[in-house]
Amino acid sequence: VSPRVFLASDYGLDDEFVGVVHAVLVRLAPDAVVVDLSHGIAPFDVAGGAALLARAAPHLGPGVLLAIVDPGVGTTRRGVAIEVVGEPRYLVGPDNGLLLDAATVLGGVRRVVELAAPKAAPHLARTFDGRDLFAPCAARLAAGGDLADLGHDVDASTLVALAVAPSHARELDDGRVAVTTTVRWIDRFGNVQLALPGHVLGRATTVGLVARDEDALARVVGAFGDLERGTIGLLRDANDAVAIVVREGNAASRFRVAVGDRVELVGDLGPLD
Amino acid sequence: VSPRVFLASDYGLDDEFVGVVHAVLVRLAPDAVVVDLSHGIAPFDVAGGAALLARAAPHLGPGVLLAIVDPGVGTTRRGVAIEVVGEPRYLVGPDNGLLLDAATVLGGVRRVVELAAPKAAPHLARTFDGRDLFAPCAARLAAGGDLADLGHDVDASTLVALAVAPSHARELDDGRVAVTTTVRWIDRFGNVQLALPGHVLGRATTVGLVARDEDALARVVGAFGDLERGTIGLLRDANDAVAIVVREGNAASRFRVAVGDRVELVGDLGPLD
Amino acid sequence: VSPRVFLASDYGLDDEFVGVVHAVLVRLAPDAVVVDLSHGIAPFDVAGGAALLARAAPHLGPGVLLAIVDPGVGTTRRGVAIEVVGEPRYLVGPDNGLLLDAATVLGGVRRVVELAAPKAAPHLARTFDGRDLFAPCAARLAAGGDLADLGHDVDASTLVALAVAPSHARELDDGRVAVTTTVRWIDRFGNVQLALPGHVLGRATTVGLVARDEDALARVVGAFGDLERGTIGLLRDANDAVAIVVREGNAASRFRVAVGDRVELVGDLGPLD
């Protein structure tokens, strides 16, 4: 079976960045198949990229995950290759928090190597490490190369982690539970994924929602089909997170919420973990 | 030769949906080559997706066509795999009219199987059948699997068909023919494809056009090169449909038309079929 | 190693054009791997496409470069296949200036063939030469076919060249040099690439910039990391051109410049060539 490289970035598809990274990968790992996860991560949005990688990671299988959202390119931030417990076995990219959630989802970090700087073109500014550093390293791993040949080992505890807005739960006088959390992702269809694992929905059948000073009562459903068209629901989505949805409608525009906004849920909710 | 899977959806390219579907396909059909037709179909636009598939289908060759525009995901709508007379031999997706025009273009339906529901993660809502149902089924067909193993046979006459706005022709007193039809597609360049087969242009050399209360006289041409720059023409386009074009210009913005708008043509036109 | 076809166009990704070209390529060259460089070139923007190809070309390696930005499709403009000194060895596309800068970057033109018109579907207007002419020719080259089988030889000096806005340098009384040049590319991150080779920055440490009546003093830096966040710099970018950058910011919106705008640099600058 040909080795896989899974590729994600904030490069967009208008410039040639993604194509050039593909070209470098297939030059250095001729048997590799490159699978694009997304290049539509907002420019410099490390947190959005990290969430995307964590959602995708469990579904990829063997290979190398190469991810580039890199506002610090050309500074002293490190490039790293991370070996994890699960598969894909290797994660390659900048050490800015982009890779760490995916590494956790994949069973945790086994080993980290800081990538040695590329020697090519030292008279040029380093503005395209995707081409010059990360793709060559990912290709070497995809072609069966050894992690140790890419640089020197570093302590996993020194990896940069992103700050996370925590979720809180408190019990109300009437026995219901109020949970405050964050909008983590809004997909193309306007489904609003919250930073809550699916089991928080517990035994609730109806949940009060407050987002941006708007209230709504949402039914907890097992499928879109349980909702009337255009009505609001809560469900355990395809990543087993809690999501606010509207059947054949756009929940995000209904509540006018954006990623990072706080949302409150009130109902017969389960524990946060 | 490695098997092909042709993939189209309304997933867009900003989220990881397309990448995860690719990953599932190459895990389950390691030799398959996945060719993206488009993921820019407007969200939930089943008719636009059906037209896109019908245009593309004759040019694809052997393989499996996997298409997902699925406003009814998580309801009782069926998933189907359709075997057709031509190639690609199999079409996989939701039974909501998305696949039927392509099946007709490919010589017609031979056999239909309703896909058995996926067993994975029954505690989650079904919001991502592309990943959990359609891609696994398409991969099994691409890997040489048997249609019968995917579910039970259903009657082809029960497949959901889209409503079509019919075209009408009437003869005028002066012997010319007036045809009323619909804008079926506006491409990136603003070319306006009508729901008329190319032969309708018949022997006409000049055709009167009425769209959104604007009139124009269009020359019937055999090539863009027959038009002055910026002038309006009618031609038999690359799908052998009638198209309104402007040489090095945008016909759709010239007439301010959108998909679904009605257009009238008057001239020495041929029969509709 | 499987042959590569590198593909760029102004087709966008909303329609099925790119997917159909892929399908034709893999039908006619079953072993080929197709690498998309970009399909986000602005419609009909031949100059923008030429610049993109010239930037990407040195990084691609062996294969065929297929590029389509073709406002003249269906006119008398020629289709060509160009053999160059370097690799990718073949460039295929319209003869409108799109390919020539890349050919120069790849060591220069060896041989040019004018592609024979496709015979398929002569009753249809030629509106999709990507599918009907260029992809079949590129596939034949990728599959090991001979250039001579695609058409007849033409003189390389007859290839259409794009007009270039020249850069000018003049020495000031104080010994500094004033260079007037053009914005050649603005990437997704707002970095502003100028039509100047990197060595023009010479020994300068600070350079005065005038763009759209705005002045700024820019530090010449070897890396983004040498800049304070949000400050303006000049550097030799990943294509070894001079670029105006803002660390973790958008230089193009800072100066409100667009491609084609004139920019003046004043400082201890080196010669233009």
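Is A:Asp129 buried or exposed, and what is its relative accessible area? A:Asp129 is buried, with a relative accessible area of 1%; buried means under 20% relative accessible area, exposed over 50%, and partly exposed in between (1.4 Å probe, protein chains only).

The model is predicted: local features need pLDDT of at least 70, side-chain atom pairs count only at pLDDT 80 or more, and totals for chains, interfaces and linings use all residues. Residues are numbered from 1 along each chain as its sequence is written, chains are lettered from A and ligands numbered from 1 in the order in which they are written, and side-chain values use heavy atoms, with hydrogens and water left out.

## Chain A

Chain A contains five helices and 15 strands; helices (H or I, at least four residues) and strands (E, at least two) are DSSP runs, numbered from the N terminus. The C-alpha trace of chain A spans about 65 × 35 × 35 Å along its principal axes. Of the 273 residues in chain A, 56% are buried. Among contacts (heavy atoms within 4.5 Å) in chain A between residues at least 6 apart in sequence, 67% join residues at least 24 apart.

A:Asp129 belongs to helix 4 of chain A. Its side chain forms a polar contact of 2.7 Å with that of A:Arg126. A polar contact is a pair of N or O atoms within 3.5 Å; within protein, one must be able to donate a hydrogen and the other to accept it, and residues adjacent in sequence count only if both atoms are side-chain atoms. With neighbours within four places in sequence set aside, A:Asp129 is in contact with A:Asp70, A:Val73, A:Arg77, A:Phe134 and A:Ala135. A:Asp129 and A:Val177 are separated by 48 residues in sequence and by 47 Å in space, C-alpha to C-alpha.

Two packed helices are described by the angle between their axes and the distance between the axes. Helix 1 (residues 17–28) and helix 4 (residues 129–142) of chain A pack at an angle of about 35°, with their axes 9 Å apart. Here axes are lines fitted to C-alpha atoms, for helices over the stretch in contact, and angles run from 0 to 180 degrees between N-to-C directions. From helix 1 of chain A, the contact involves A:Val20, A:Val21, A:Val24, A:Leu25 and A:Leu28, and from helix 4 of chain A it involves A:Gly130, A:Arg131, A:Ala135, A:Pro136, A:Ala138 and A:Ala139. By class, this contact between helix 1 and helix 4 of chain A has nine nonpolar, one polar and one charged residues. Ala, Val, Leu, Ile, Met, Phe, Trp, Tyr, Cys and Pro count as nonpolar, Asp, Glu, Lys and Arg as charged, and the others, Gly among them, as polar.

## Helix 4 of chain B

In helix 4 (residues 129–142) of chain B, a kink of about 35° lies at B:Ala135, shortly before the proline B:Pro136. The bend at a residue is the angle between axes fitted to the seven residues ending there and the seven starting there. Helix 4 of chain B is mostly covered, with 12 of its 14 residues buried; among them are B:Asp129, B:Arg131, B:Phe134 and B:Cys137. The cover over the buried residues of this helix includes helix 1 (17–28) and strand 1 (4–9) of chain B. After helix 4 of chain B comes B:Gly144, whose phi is positive, near 100°.

## Backbone features in loops

| Residue | Feature | Value |
|---|---|---|
| A:Pro88 | cis peptide bond with A:Glu87 | omega about 5° |
| B:Pro88 | cis peptide bond from B:Glu87 | omega near 5° |
| A:Arg256 | positive phi, not a glycine | phi about 50° |
| B:Arg256 | positive phi, not a glycine | phi near 50° |

A:Pro88 lies in the loop between strand 4 (79–84) and strand 5 (90–94) of chain A, and B:Pro88 lies in the loop between strand 4 and strand 5 of chain B. A:Arg256 is placed in the loop between helix 5 (251–255) and strand 15 (262–267) of chain A, and is partly exposed, with a relative accessible area of 47%. B:Arg256 is found in the loop between helix 5 (251–255) and strand 15 of chain B; at 46% relative accessibility, B:Arg256 is partly exposed.

## Two further residues

C:Thr181, in strand 9 (residues 177–186) of chain C, is buried, with a relative accessible area of 0%. The side chains of C:Thr181 and C:Ser167 are joined by a polar contact of 2.7 Å. By contrast, B:Asp273, in the segment after strand 15 (262–267) of chain B, is exposed at 80% relative accessibility.
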